[in-house]
Amino acid sequence: IRPVKIWPSLLEASSLKPEFIKNVDLIVVRELTGGIYFGKPKGRITTEEGERAFNTMTYSNFEIDRIAKIAFEIAKQRRKKVCSVDKANVLDVSQLWRERVDLVGKKYEEIDLNHMYIDNTAMQLIRSPEQFDVILTGNLFGDILSDEAAMLTGSIGMLPSASLSTKGPGLYEPVHGSAPDIAGQDKANPIAMVLSSAMMLRIGLKETKAADAIERAVTTVLNSGLRTSDLATKTCVEVGCKDLGKALIDAISEV
């Protein structure tokens, strides 16, 4: 589950014009344990024509049904719109995906369901991102689209995520992972991790007030003009990860 929300104080940080993104509030619901990343057979072989590599994109109906239900349930609490993303004009696996999503969607008559090809979705996220509410898609497409959607906010360092199972604990982490390329340089934007903590409180622990307090603190700090280098502009005050983290802690304590 990867929410993408535009913070008003960061409108100028996005590479898109403010009027295109000011009302963006969407969630990417990505299937995480199937698809081409885990499909078999896969590997590399030597043939008469040379070396050949292959992966298998595969989904079973129960995998599709499971993630589709999650997307529809989330949409019930939002604007009641689901856009299911596939490549059904080319891929057999996407044809099954579309059929199963339609079948699950019949149980949610109040939800407006539409289907969109992955290439068109990638274009529409840049052309008119406000049209999306809940984007439902498979592992590979979700990986790509959620990173693209992250840049609507100005930086991938702003995006939290939750990886959830039907039972057991969830994993809450920034979309970008641990950013090892800038480790120890005091450059990382801590906001995605802080917002991931808010998601953990809201979804996993049902501590809504605590989650609200963290999100209000993020708003306060951003409104103050403090930015890490990934979001720096001429009118802001550029700080490192440690200083921005301290400012967030101070803001939370004042809530």
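How many residues make up the hairpin that joins β3 to β4? The hairpin runs through 2 residues, and it is described in the first of the close-ups below, which come from a predicted model.

Close-up 1. Strand β3 (residues 43–47) and β4 run antiparallel and are joined by 5 bridges. Thr46 has Glu51 of β4 as its bridge partner. Of the 5 residues of β4 (residues 50–54), the number buried is 0, so this strand lies largely in the open.

**Close-up 2. The open sheet of 5 strands.** The strand order is β1-β2-β7-β5-β6, and the pairing is mixed. Strands β1 (2–5) and β6 stand at the edges with a single partner strand each, so one side of each has no neighbour in the sheet. On average, neighbouring strands are turned by 20° against each other, direction ignored.

**Close-up 3. The pairing of β2 with β7, and helix α5.** Strands β2 (residues 25–30) and β7 (residues 134–137) pair in the parallel sense over 4 bridges. Val29 stands opposite Leu136 in β7. Helix α5 (residues 139–150) packs on the sheet, where it touches β1, β2, β5 (81–86) and β7. The direction of α5 makes about 155° with that of β2.

**Close-up 4. The stacked pair of Phe72 and Tyr108.** A search of the whole structure finds 2 aromatic pairs. Phe72 and Tyr108 form a stacked one, at 5.0 Å centre to centre and with 10° between the planes. Phe72 belongs to helix α2 (residues 61–76) and Tyr108 to the loop between α3 (92–105) and β6 (112–117), so the pair ties together parts that are 36 residues apart in sequence. Phe72 and Tyr108 are both buried.

**Close-up 5. Lysines over aromatic rings.** Lys5 lies over the face of Trp7, 5.9 Å from the ring centre. Lys87 lies over the face of Tyr117, at 5.5 Å from the ring centre.

**Close-up 6. Helix α7 and its surroundings.** Helix α7 (residues 208–223) has 16 residues and reaches 22 Å from its first C-alpha to its last, close to the 22 Å expected at 1.5 Å a residue. Its buried residues include Ala211, Ala213, Ile214, Ala217, Val218, Val221 and Leu222. The buried residues of α7 pack against α6 (191–204), β10 (226–227) and α8 (241–254). The helix is followed by Gly225, which has a positive phi near 95°.

Definitions and conventions. Residues numbered from 1 in each chain as written. Predicted model: local features only at pLDDT ≥ 70, side-chain atom pairs only at ≥ 80, totals over all residues. Heavy atoms only, no water. Phe/Tyr/Trp six-rings, centres within 6.5 Å; stacked < 30°, edge-to-face > 60°. Buried < 20%, exposed > 50% of the residue type's maximum accessible area, 1.4 Å probe, protein only. Lys NZ or Arg CZ within 6 Å of the ring centre and 35° of its normal. Pairing = 2+ DSSP bridges. Expected span 1.5 Å × (residues − 1). Contact = heavy atoms within 4.5 Å. Axes fitted to C-alpha atoms, helices over the stretch in contact; angles between N-to-C directions.
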